[in-house]
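These are my notebook entries on one structure. I set down what I looked up and what I found.

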Amino acid sequence: MAERVAVQQNFEYVDASKIYSKVADLKAEGYRIVQMCALNANNAYEVIYSFDKDHVLYNYKVAVNDGEELESISNIYMSAFIYENEIHDLFGIQFNHGILDYQGTFFRIAEATPWKNK
């Protein structure tokens, strides 16, 4: 059985205009993307980006208001296009300059942007 390792986690709020450069810096340092997710937070949204290297987990939180757009990180981490399209379909958050943008059709869902603040 593998030995359990305690993972150190770090959370940092990042301005939307700086997330792309922060992510590029982590990539240059050898971090891998773990996940991206969004949640409703006080009539706005938070997008959380998580990265790991050697059992150190960095989590960047970005506050996003309705109508605000984020820069895609998919040209830094190609797999991010999946997270970005999912977040767009469910919350209506737009990611600009993505490598693969399904334009709201990544999922077949009964209601467009069901988790968007209404």
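**Entry 1: a loop**

Where is the place of Asn43? I found Asn43 in the loop between E2 and E3. Here helices (H or I, at least four residues) and strands (E, at least two) are DSSP runs, numbered from the N terminus.

Before going on, I noted that residues are numbered from 1 along each chain as its sequence is written. I also noted that this is a predicted model, in which local features need pLDDT of at least 70 and side-chain atom pairs count only at pLDDT 80 or more, while totals for chains, interfaces and linings use all residues, and that side-chain values use heavy atoms, with hydrogens and water left out.

I looked up the phi of Asn43 and read a value near 60 degrees, which is positive in a residue other than glycine. Asn42 is found in the loop between E2 and E3 as well, and its phi is near 55 degrees, also positive. For comparison, most residues other than glycine have a negative phi.

I then checked accessibility, where buried means under 20% relative accessible area, exposed over 50%, and partly exposed in between (1.4 Å probe, protein chains only). Asn42 counts as exposed because its relative accessibility is 79%. Asn43 is exposed too, with a relative accessible area of 69%.

**Entry 2: the sheet**

In what order do the four strands of the open sheet lie? I recorded the order E1-E4-E3-E2, with mixed pairing. Two strands pair if DSSP finds at least two bridges between them. The edge strands are E1 (8-13) and E2, each of which pairs on one side only. Neighbouring strands of this sheet are turned by 20 degrees against each other on average, direction ignored.

I took the pairs in turn. E3 and E4 pair in the antiparallel sense over nine bridges. Within this pair, Lys53 stands opposite Val56, and Glu46 stands opposite Ala63. E1 and E4 pair in the parallel sense over six bridges, and the bridge partner of Asn10 in E4 is Tyr58.

E3 and E4 form a hairpin with two residues between them, and Asp54 in the turn has a positive phi of about 50 degrees. His55 lies in the loop between E3 and E4. His55 counts as partly exposed because its relative accessibility is 42%.

**Entry 3: the core**

Which residues have the most contacts inside the largest nonpolar core? I listed Met36, Val47, Tyr49, Phe51 and Ile93, in a core of 25 residues. The elements that give two or more residues to this core are H1 (19-28), E2 (32-41), E3 (44-53), E4 (56-64) and H2 (80-91). A nonpolar core is a set of buried Ala, Val, Leu, Ile, Met, Phe, Trp, Tyr and Cys residues joined through side-chain atoms within 4.5 Å. In soluble globular proteins, nonpolar side chains tend to be buried together.

I followed Met36 and looked for its contacts (heavy atoms within 4.5 Å). Not counting residues up to four places away in sequence, Met36 touches Val47, Ile48, Tyr49, Ile73, Ala80, Tyr83, Glu84, Ile87 and Phe95.

**Entry 4: a cavity**

How many cavities of 30 Å³ or more does a search of the whole structure find? I noted one. On a 1 Å grid over the protein atoms alone, a cavity is a set of points where a 1.4 Å probe fits but cannot get out, and lining residues have an atom within 4 Å of a point. Grid points are joined across faces, edges and corners, and a volume is the space filled by probe spheres set on the points.

About 80 Å³ of space lies in the largest cavity. Its lining includes Phe81, Glu84, Asn85, His88 and Gln94. H2 gives the most to this lining, with four residues.

I ended with Asn85, which lies in helix H2. Is Asn85 buried or exposed? Asn85 counts as buried because its relative accessibility is 3%. Not counting residues up to four places away in sequence, Asn85 touches Leu100, Asp101, Tyr102, Gln103 and Phe106. Of these, Leu100 and Asp101 also line the largest cavity.

Terms used: Axes are lines fitted to C-alpha atoms, for helices over the stretch in contact, and angles run from 0 to 180 degrees between N-to-C directions. On a 1 Å grid over the protein atoms alone, a cavity is a set of points where a 1.4 Å probe fits but cannot get out, and a pocket is an open set with protein on both sides within 12 Å along at least five of seven lines; lining residues have an atom within 4 Å of a point.
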